[in-house]
Amino acid sequence: MQIYSPAEDSEFLSEIVLEYLKNPEINKNISKVLDVGTGTGFQAEQCIKAGIKKTNILCADINPDAINFVKKKGFNAVESDLFSDIKGKFDLIIFNPPYLPENQFDKEKDTTGGKEGDETILEFVKNLRFHLSENGIAFILTSSLTPEKRFLSEVKKHDLNFKKIASKNIFFETLFVWKITN
Ligand SMILES: C[S@@+](CC[C@H](N)C(=O)[O-])C[C@H]1O[C@@H](n2cnc3c(N)ncnc32)[C@H](O)[C@@H]1O
């Protein structure tokens, strides 16, 4: 299976996460990190730049080739459909999800998040609180091409706090980064 090459969405999400990690008050509380949908391990590698220890990061992906790839880079990694094979809680969870609606040309798992585009994100939110530590922070990226209504009602349903903290216009869409906490 092909592994997603880091693109503008990857860079944008990591820029915002790194800004947060620069804050010593936030950084000092982060020991365990989960990079969901790790791909090449881009988000995990960016965390190391912010001083997070490699051994404290767990990379997860549904794509076994991505898992082999990041293991070769020395990351702890687990093949998992979202949280299905993840145990424990994390202080920082990062997810650059597949967020595009499927169409006749594209049904790939690295880019499309289901028929409407938000299905993978909804599943992620459903189980997020079981894996977010008390003061944990999750960062997730969405796009103007991702339906937002169901995502927001799912977050509310689970009593999570959420905020759109950044947006960026790129070629044919606007990217958004959301911060979600308990
Ligand atoms: C847009 S790519 C992001 C890759 C990388 N994190 C980055 O920022 O460049 C989405 C990733 O999510 C993975 N993915 C898709 N569905 C998933 C699922 N249900 N559980 C875990 N990973 C999934 C894909 O295999 C892909 O690696």
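Let's start inside the fold: Leu82 is buried, because 22 other C-beta atoms lie within 10 Å of its own (buried means 20 or more such atoms within 10 Å, exposed 12 or fewer, and partly exposed in between, with C-beta atoms placed from the backbone). This is a predicted model, in which local features need pLDDT of at least 70, side-chain atom pairs count only at pLDDT 80 or more, and totals for chains, interfaces and linings use all residues. Residues are numbered from 1 along each chain as its sequence is written.

Leu82 sits in the loop between β3 (76-79) and β4 (helices, H or I of at least four residues, and strands, E of at least two, are DSSP runs numbered from the N terminus). Although Leu82 is not a glycine, its phi is positive, about 50°. Most residues other than glycine have a negative phi.

Asp159 also has a positive phi, near 60°. Its place is the loop between α6 (149-157) and β6, and it counts as exposed because it has 8 C-beta neighbours inside 10 Å.

Follow the chain onward to a hairpin formed by β6 and β7, with two residues between them. These strands, residues 161-170 and 173-181, pair in the antiparallel sense over nine bridges (pairing takes at least two DSSP bridges). One of the bridges joins Asn161 to Thr181 in β7.

Finally, visit the ligand. Of the 22 residues around the ligand, Ser10, Gly37, Gly39, Ile62 and Asn96 come nearest (a residue is near if its C-beta atom, placed from the backbone, lies within 6 Å). Both α3 (42-49) and β2 (57-61) supply at least two residues of this shell.
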